[in-house]
Each structure stands twice: as C-alpha cells, then as structure tokens.
Amino acid sequence: MALRDLLRRPVPPGPLADVADAPTFPRDTPLAEVELLALDLETSGLDPRSHELLSFGLVPVRGMEIPLAGARHLRVRPRGDVGDSAVVHGLTDDVLAQAPPLPEVLPEVLHTLVAPGPRRRVLLAHFAQVETTFLRAACRSVYGAGVRLQVVDTLEVERRLLRSEPHELTRGFFRLDACRRRHHLPRYRAHSALTDAVACAELFLAQCARLEERRGRPLLLDDVLRP
Amino acid sequence: MEVELAEVRDFLAAHPPFDSLPGEVLDDLPSRCTLRYARRGSLVLRAGLTNDRLFVVRSGAVDITDGHRLVDRVGSGGSFGMSALIEHAPTRYDVTAREDTLLITIPQEDVDQLISSHPTVAVHFAATHHDRIRTALGQLQQPERGSAVFRTSVRDLLRVPPVMAPPDVTITQAARAMADAGVSSLLVMEDDRLVGILTDRDLRRRVLAAEVPPDRPVREVMTGRPVTVRAGALALEVMLEMTGRNIHHLPVVDEDGSVVGLVTTTDLVRLERSNPVYLVTDLARQTDVDGVVRLAYRIPRIVDQLVSEDASAQDIGRVTAALTDAITVRLMQLAEAELGPPPGSYCWVALGSAAREEQALGGDQDNAIVLADDADPADPWWGRFAERVVSGLEACGRERCPGDVMATNPTWRKTVRDWRVQFARWSHEPEPDAVLWAAIFYDMRAVHGDTALVDGLREEVVALGSRSELLLAYLTGQAARHRPPIGFFRGFVLEDAGEHRDTLDIKRGISAVVQIARVHALRAGSLALSTSERLAAARARGVLSPEATTDLTDAFELLSYLRLRHQAAQARDGLPPDNHIDPARLGSLDRRHLRDAFQIVRTAQHWLSTRLPPVP
C-alpha cells in the first residue's frame, strides 16, 4: 500500500497540497504519455524511525526518454551523525553539514512530483519500498500528512519479465546492477542517489522495450504499475 | 562544487569531439542531454524524417543503412545524426539498433552552440575528408631523421644560374665565360632552346687532345642534345641517371622543356650517401644471375629504411621501380651476353604496377616485349631471352604472373604492328579477359632497348582507347566493382554486407584508386602512367574536380604508405610480404583516416558509375 493512509488527514496548503491536487494518470494511459519521476534515496539505514534521509536523487521520465535537465541531487542536513553509511555513499558529515535541513529540501522534491498540466507524476524506483516508506515518514514529520502516489517498481517489472523465462535465483539476482546487466546497460562506477536514479530510469526504458516487444503492442501505464 | 551526472560527463569527455572541450563546458553538457533506449532491431531514425538532435551511443551499437546497404556501424562513443543537423535537412539514412542500445542525445541548438564556439567540434563533424587525410599524412610522415636524397627534388639543388652561350661563340669565348664564372660546364642555347652542353671534359678531349683551333664555334665540339632531367625529379633519380650514364652534369628543365638550371655531381655529394645508389652501381658489376639475386634481396631492407625515414609512398615507389629496372636491365645484359646479340630491334616493357612505379614488395611480375616491325617474333632467341630474364626476376623475389602476362608467353611478344591490331581488337570487342589485358597493356613503360618503339605505340593505343566507349564502359565497370570496406568496428574490418573480417586487404582500396585513375586518364587521352599523375591529368582536362583529385591522391598515398609500412615490417621479421593488415595493430588515428580514405574511394566509384555510360 502506498501512501494512501495519509490521505485521511487534511493536507495543509503548500507543496504537499499541490501534489495532492494534481490528478493522477488513469491506468489505461499510454505509457509514452505518462510522466514519471525516478527517485533514489540515500539513508543512514533502512528504518525510517531511527535512520536519517541524507540525499534525494531525482530524474524525470517523459515520453519514454530521460531529460537530464530535470535531474536533481538534493542533500539533506541530518539531525545526528551520518555514521557508517558514509563509507557506502561517500557523503561525509562535513558535506552534509552544509546542506539544508529536510523541511527546506522536501518542498523541492514534492515540487518535482507535479508535472505540467498539472499531473501527479508516477514514482519510479528500484525496490521502491525504501523510497515510499522514507518519503512517507518525511512528509509526516514535516507536514503531518501524506499523499497517495502511483508507483512503478523496476524490481517488480523485472520479476514480471523473468516469470516466463527459466532462471536461477541467486543472491543479488534482482539488484539494480544485476538487472541492468541483463539488459546490456553500461556499468556505473560510482553510486550516488542521482546516479542510481538515472540508472533506475534507464533500466525502466530497457524493461519497457522488452515488455512491449513481448506484448506486441504499445504499453499502458497499467502494464507496469505496481498493483 | 561536485559535478552532477559525472557518469555522462566523463563518458562524453572520453570521446571525440567532446574530448576537446574545456572542463567547464563539459560540466555543463550533461544537463542538456536526454537519454534514450533502443531495443535490438528497433528503428532509431527513419530516412526522410527531420532529426533535431545528435545521438551518441552510450552502450550497444547501431547500423546506419541506405536502403538495404550498410553505410556505417557505430559503437560506444560514436555519434550519428549529425549530417541532418549540419545540413538542416531530413536525415538521409535509416538507423537501426544492432544491439540493445543506450543513447545520449543532444538537441540541435546545443550542438549548434558547440559548433560555433569550439572549432574542434566543427571540424570533427563537418571537416571534409580532405582535411583529415591531410592531417593523417602530416602525422604519419613527420620527419624524424632526414635522408636528403629521398626528399630533395632537383629544383631544391639549384643554386646559381647556369652559364649559357649561343652555339656560334668561339671555343675561347666559351672557355673564358666558364673560367670567369668558376664553373665546369656551359649550356649552349639557341632561341631559348637547349641545343648542347660543353664541359671541362669536352675541352680536354674534343679540343686540346683533338687539336681543334680555339676560334672554331662551340657548336662543333659541344655534346649535342644533352640528356636532361625534370626539375621535379628526386635527387636520387639524378644520382641514378648520372651513375648509369657516367656523366657529371645534367641540365634541369621545367615541365615545358625550358632550362631552369644545371645539376652536377658536386651538388649531389653534398647530399648524404645512400644505399640505393650503391646497389645500382653494384648491380652493374655482377657477372652472373646469382650475384644479381643476392643484391635484389637488399630491396626490402631499403624500403624499410625509406619508410623509417618517412619518405612518401610515391617516392618509395619510384626508388623501388628504379632498383627493379636496374635488376631487369642487368639480367638482360647477362642474357644477351650468353645468347648473343638480339635478332632485331626490341624494347622490354614493364606492365601494371611496375610500369606505374607503384610496386609493392612481393608483387608478381608483368612484362612484355615490343618488337620492331621488321623483327621476326618466331625467332627462338626471344623465348630463350625472355625465359632467362623472367626466371631471373623470379629468383629475385618477383613471382611469375599467375595470368601468364609475361614476355615468356608468345602472346606477349609482338611487333608494334601486331600490338596495334591486338589492342584495337580489345577495344572493339571487349570481353572480361580482354578488358583486363587492355588495362594491363595501358600501363606500359619501356625498361630497356629501343624505347622509341613503345613511345609511338602508347600514343596510338591511348588515342584509340579514349575513343572506345565500349572499352571505357568496361573499365568503368571494373573500377566500380570492388568496393573497399566501410571502416572498422571493435577491432574488425567492417564490410558492406555487415560482416566482420580479421584483416584488411589493403590492396583492394589501392587497386580501386588505380582503376579509377586509369579510366579518367584514358578518357582524358593522357599518356601519364602513375596514379597521381593520371589524377592530375584528369583534373587538368576537367574530368575530375580539384577536390576529388586531391582527395583521391591523398587517399592513394595513405593506403600505399600503410601497405609499404606493413610490408617493410614483415620483411624485417622475415615474413613474406602480403596485403593483409591486422586492424588491431593500427593506431586509432590510422583507422580513422583509413576509414576516410575508404569513403573517398567509395564516393569516387559511385560518381564514376553514375557519370560514365554503362556497359551495353
């Protein structure tokens, strides 16, 4: 379940309300007409209650293309220490200490969720559970409310693609890098929230190309949307 | 501030033309890009549609096709779509993903901006092949250490204007003029025309020793109609000429025959001593075939030396031809000494690449004998003579012609009259074999004997050939048939059909230019032999544009040079020379310029096949 439960609370006017006011895409919209936002988060751990959100990597997908002009890498000043995750992300306390705090960053993130129209962008992520839970927690902490988002999870799409093909499930089989390799996408050296958001968006394009080939017709949003 | 989208930035920074952009421009570039994905087999661009962006292959590969013909294959780091951008016209080609392909696209306005602010980008996308080939040659042939005789032309040797006098001055006056100028020779001129030369040796032998009175006109003791050399000749050729004729003074004439100076042995001594000249001298001293063969095996070493000294392929070809001629002449002298004097007047001719002075190492021999009309071709002397020369050349490393185009074959020993008839038949009833023979015959150069026989024959043959639309059509068809490869793709040679080969047969590209030049020269009625001279002749007659001429000449030089370099390296390693170049052993620059050279050849072939009449 996405952020649906948060709808029960009234949304105060502001960036979150703008998202809530923007209509979502009907499920039968041709995918080429859907606006998506690939999102990757860097956090200090996996539990939104005890771990911090450190940076947002964002890039839109529009007309089955990735306009890099819309790419954003937004860092967040944490309340506590970064801890061990600095080793993974290369984000040190010093860098993050200069970043704005979450209440200043979140409006910009929410702003990118509204496409011209206005339309509510579909959230795109790999193993989207991390992104949805942290985003929900962030909205709740800043606005005391949430908003429902449609979600496409490239891990789920990959699973769907492989369902009809025999494959041996090994450790790390569905990791972003492994999925990209299967689609002959280049290997990226460094990992940052932005690189991974772009990597996820590219994977999505590759998956759609394959899925469309298999279906033999242009895809609809419904073909990839998380149930 | 850290660079966002570093993956895209660093990727672009590693590939031309973006690699030449300043850092801050590169930093800004990714945010202007859009990423796209193309599934294997899907169409990326369709011919005839407008295209408003440049595509850079991030991963995968695409095929660019014109109808069903493969034009190019572009892999990671390569670009496409620029022709439409530069011409502001619909794209000409279909572009299909050959593999699953990730693409970086840059919009037209940003490409325009890059092109206008960064000349290197403009050059990369819009530079003519001509410019790139020029650069290639410049970089390939950077002189490292000079070997003057191979590069210096006679014109560069000329220092002081020669002393001249009319033929009616007295011997005393002439001697005084020479003494005053401090020179050892005097050119005798009549109406601006060179009629003779007077040297210290002439004064000694023909005046003092012969007791000729010094008040006689100089005309009586001069050497009339002296041997001359063209101003464009290489110092090396002058050395060979002087050594061969045992003379020390050579008047130098311009293209139109007017005298521009005089070159002496002293001028040449200033230039360094060099192998080829000594080889020629040594050859003349050999008294048996074994001795000639031993010396002949020095030729690959000399070519290797010339390549390392960065002589041009054209110059190396001339040197090789001069050496091969010297060998052939010596073999003939030895054969005549053994068989007795020839039973008539004849001229030994080199055919094909040897005639054009464009021989590679390890090529086979093509030759023939032109007999005077009063000589008897049936005399067995000719066959015995030819066999000795041909087998001698074979022992020297020139394999026998597989098509039997050699003087040992009675078909290739004819009188001038019979040759004329033969060629007329080839021109009027061409069949595939006859066209090949006519083409070989058209490349004919006198090596030894009565050269006047060949001069007259060639003039007639060229005139005849240039009028035969049928022969021209066949030669055109032949020239347009064998298409050079498209280029390289991941270390392989890429062919028309889209297949890969491990090695590049560079001879295909070379012979394509040779054939193109031959057709154009024949059409222009030119007697020129070498490919570059033929192209120049075609341009002079307006058959070829100046740009096409320069392009083809440069492409030919590049291809020939790379072949010689390859063969010289093989000879150094003790391998038999061949035409197969491993693309993996070519530098990226060589590959790029080879690709341009192939493109020039293909364009010229296309032009030829559309402009000249087809075979009926």
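1. Strand 3 of chain A pairs with strand 1 (residues 34-38) of chain B, in the antiparallel sense and over 2 bridges. Pairing here requires at least two DSSP bridges between the strands. Helices (H or I, at least four residues) and strands (E, at least two) are DSSP runs, numbered from the N terminus. A:Ile66 has B:Leu35 as its bridge partner in strand 1 of chain B.

2. The model is predicted: local features need pLDDT of at least 70, side-chain atom pairs count only at pLDDT 80 or more, and totals for chains, interfaces and linings use all residues. Residues are numbered from 1 along each chain as its sequence is written, and chains are lettered from A in the order in which they are written.

3. The contact between the chains takes 21 residues from chain A and 20 residues from chain B. Residues are in contact if their C-beta atoms, placed from the backbone, lie within 7 Å. On chain A, helix 8 (193-215) and strand 3 (66-67) each supply at least two residues. Helix 8 of chain A gives the largest share, 8 residues.

4. Chain A also holds an open sheet of 5 strands, in the order 4-2-1-7-8 and with mixed pairing. Strand 4 (72-75) and strand 8 (151-153) of chain A are its edges, each pairing on one side only.

5. Within chain A, strand 1 (residues 35-43) and strand 7 (residues 122-125) run parallel, joined by 3 bridges. A:Leu36 stands opposite A:Val122 of strand 7.

Notes
Contact = placed C-beta atoms within 7 Å.
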